[in-house]
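I wanted to look things up one at a time and jot down what I found.

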Amino acid sequence: MKDKIDRKIPQTVPRQSWTFSNEINSEIRRAAATGIYDIRGGGAKRRVPHFDDLLFLGASISRYPLEGYREKCGTNVTLGTRFAQNPIELDIPVTIAGMSFGALSGPAKEALGRGASAAGTSTTTGDGGMTPEERGHSSKLVYQYLPSRYGMNPDDLRKADAIEVVVGQGAKPGGGGMLLGQKISDRVAQMRNLPKGIDQRSACRHPDWTGPDDLEIKILELREITGWKVPVYIKIGGTRPYYDTALAVKAGADVVVLDGMQGGTAATQDVFIEHVGLPILACIHGAVKALQDLGMHRKVQLIVSGGIRTGADVAKAMALGADAVAIGTAALIALGDNDPHWEEEYRKLGTTTGAYDDWHEGKDPAGITTQDPELMARFDPIEGGRRLKNYLKVLTLEAQTIARACGKNHLHNLEPEDLCAITMEAAAMARVPLAGTDWYPGKGGF
Amino acid sequence: MQTIDLEATGLRDLNATLQAQSADTNQTAWEIVNAKGSHALAVGLDAPIDVTVKGSTGYYCGGMNKQATIRIHGSAGPGVAENMMSGTVIIEGDASQYAGATGHGGLLVIKGNASSRCGISMKGIDIVVQGNIGHMSAFMAQSGNLVVCGNAGDALGDSLYEARLFVRGTVKSLGADCIEKEMRPEHLEILRDLLDRAGIDAKPEEFKRYGSARKLYNFDVDNASAY
């Protein structure tokens, strides 16, 4: 080197490898030091084609807009009209996705119930049973039926406003649950009939049914136990959305919940989160097509989740054919997860605001993804509920703003024709035309 | 004795009638005829009534049972007494897969044999099988007791938590983290009580006890090959 400098040979700047980036190398070093894969919370962090790659066309001469603030744009949705005696009526088409007590603290679950109820929508239990906090504070509560059956009992089942049979989720389609020992408090252990402090790995398959024919009988049993009163949802991770949606309908679902890879998890291997499953944008068309082919679109409702952040995302999902959306990660951020207020503490944990994802360790400075009494006490469920309600209202107002601009007097009237794509990938995945054309990849006549 | 003809009544009315019985009902004895392998029979019951099913049942008979005693005079399809909370389910014949799956309490008695995954993910239920049980039984079993008077198939008690397994005959193979354990006097007492309640004549001393080695409770990379 010195010799080169002495001879005045021009130097190239140090070049980092794209393949072996600092991020990749740090993971290699972490793996070499520990011998175990990286576990984290959240959904896929990689950049994937998303709703950002779609735009609404709006109205001008060929389409007639509605007057903002003056002309009505409806937002209500009814879920479970196929078989249930008591379908769920929601004021807004944004629901709260399933998140377990165990993964979240009791006060955080309470806040989700408070916020959702104030905004006129539903919350969902998770892999850990139903707590009095969330039932008490949720005017509409969906009870998840999971492979682990932790805390499952007929009394809580009958308290539910709907049952969601979880077959998979977007963050880990084909994977089971994981709640590591540090979050297994006395109460969590008691609800799950397991010793305190052990790692809990929930099964990835249900213990008493295999395949869609069995699932149909399982749903019959659940309906018989609950007197055919409440809707039965089936939740699937985004993998083969056309076939999975068709089979869910065949099995007797009232509602299909479809979750893309950006959807969060409490704890899963990073390699699973980032490398298995489809972006939600690539899922919706297939699911809607399956419903249409079966003559069941709008008869079996479709809830879409995984990366919903704004009212624009809500409107785009609905324009592609969803009846409603669900939010998980966004709801936690509204409650105060990853808030800059805790930056100093995030740094002590070796992370930073926005990047904190070690939810499984139970050390959440915001007191949301933890069972530690001191950390939990930092979180005020009333204030959290108020923040969530505000956020849900904004999502709805934003979606209405867009719908009116497209001339729609109800969010459900948004349609693919209102959209264009600004990338080839998004056009191909969502099957909406590339901006400025009437073409998408796979369609002839470019 | 109230008799319900399933063919004439239909499943919904049958279950609704049985589910409507309260703790102080004086109609405590019920009989279901023409079961003919129907699914979801006598599910979600919650009263101390006695229900006899004449013939074999399909999937999930007695599912989520509380308090009731359900006797199946025939064989039972998959998932019999799944997620039972309390009460008793007695099967005179054989039981198909996942008998007593995820059960939280109560007693399940199988007079014949049980197929694979008997007691999968059990959470407090007691299961007594007079015959043999199939492979992967008591997979991820959390608590409760599984008593097998005959033989057990492959991978018994795989990924077991705190459930106790008692087998009188042979065990084809043990699953990951399941080991034979010492039979102490308190276990003989539990076993004697279960055999008594199941009405099965067998000597507790003839059984071996199996349980969790508890080596997989917290992830250790050196155990990765066990999974």
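Here are my entries, in the order I made them.

**Entry 1: chain A as a whole**

First reminder to myself: this is a predicted model. I started by looking up the helices and strands, and chain A has 16 helices and 16 strands.

Next I wanted the overall dimensions. The C-alpha trace of chain A spans about 85 × 65 × 45 Å along its principal axes. Then I checked the radius of gyration, which is 23 Å for chain A; a compact globule with 446 residues would have one near 22 Å, so the two agree.

How much of chain A is buried? I got 56% of the 446 residues. I also looked at contacts in chain A between residues at least 6 apart in sequence, and 67% of these join residues at least 24 apart.

**Entry 2: helix 11 of chain A**

I picked helix 11 of chain A, residues 311–319, and asked how many of its nine residues are buried. Eight of the nine are, so this helix is largely enclosed by the rest of the structure. I wrote down the buried ones: A:Gly311, A:Asp313, A:Val314, A:Ala315, A:Lys316, A:Ala317, A:Met318 and A:Ala319. I noticed that a charged residue such as A:Lys316 is on that list too.

Just after helix 11 of chain A comes A:Gly321, and its phi is positive, about 125°.

**Entry 3: helix 11 against helix 15**

What angle do helix 11 and helix 15 of chain A make where they pack? I found about 55°, with the axes 7 Å apart; helix 15 covers residues 381–405. That makes helix 11 of chain A oblique to helix 15 of chain A. The crossing of these two helices is right-handed.

Then I went through the residues that meet. Helix 11 of chain A brings A:Gly311, A:Ala312, A:Val314 and A:Ala315. From helix 15 of chain A I noted several partners, including A:Val394, A:Leu395, A:Glu398, A:Ala399 and A:Ile402. Sorted by class, the contact between helix 11 and helix 15 of chain A has nine nonpolar, three polar and one charged residues.

**Entry 4: helix 8 against helix 10**

Helix 8 (residues 241–250) and helix 10 (residues 281–293) of chain A cross at roughly 40°, and their axes come within 7 Å. Helix 8 and helix 10 of chain A are therefore oblique to each other, and their crossing is right-handed.

Which residues of helix 8 of chain A make the contact? They are A:Pro241, A:Tyr242, A:Thr245, A:Ala246 and A:Val249. By class, the contact of helix 8 with helix 10 of chain A comes to eight nonpolar, two polar and one charged residues.

**Entry 5: two positive phi values**

In chain A I noted A:Arg431, with a phi of about 55°. A:Arg431 lies in the segment after helix 16 (424–430) of chain A. Is A:Arg431 buried or exposed? I counted 20 other C-beta atoms within 10 Å, so A:Arg431 is buried; the cut-off for that is 20 or more.

In chain B I noted B:Thr102, with a positive phi of about 55°. B:Thr102 lies in the loop between strand 5 (88–91) and strand 6 (107–110) of chain B. B:Thr102 is buried, because 29 other C-beta atoms are within 10 Å.

**Entry 6: where the chains touch**

How many residues of chain B are in contact with chain A? I found 36, and they contact 22 residues of chain A. On the chain B side, the elements that give two or more residues are helix 2 (11–19) and strand 7 (123–129). Helix 2 of chain B gives the most, with four residues. The chain B side that touches chain A divides into 17 nonpolar, 13 polar and six charged residues.

**Entry 7: B:Leu18**

I stayed with helix 2 of chain B and looked up B:Leu18, which is found there. B:Leu18 is buried, since 24 other C-beta atoms are within 10 Å. Leaving aside neighbours within four places in sequence, B:Leu18 is in contact with B:Trp30, B:Ala42, B:Leu45 and B:Val51. I also checked B:Val43: B:Leu18 and B:Val43 are 25 residues apart in sequence and 8.7 Å apart in space, C-alpha to C-alpha.

Note on methods. Residues numbered from 1 in each chain as written. Chains lettered and ligands numbered in written order. Predicted model: local features only at pLDDT ≥ 70, side-chain atom pairs only at ≥ 80, totals over all residues. Contact = placed C-beta atoms within 7 Å. Buried ≥ 20, exposed ≤ 12 C-beta atoms within 10 Å, placed from the backbone. Rg over C-alpha atoms; globule rule 2.2 N^0.38 Å. Axes fitted to C-alpha atoms, helices over the stretch in contact; angles between N-to-C directions. Parallel < 35°, antiparallel > 145°, perpendicular 65-115°, else oblique. Left-handed = near helix turned anticlockwise from the far one by under 90°.
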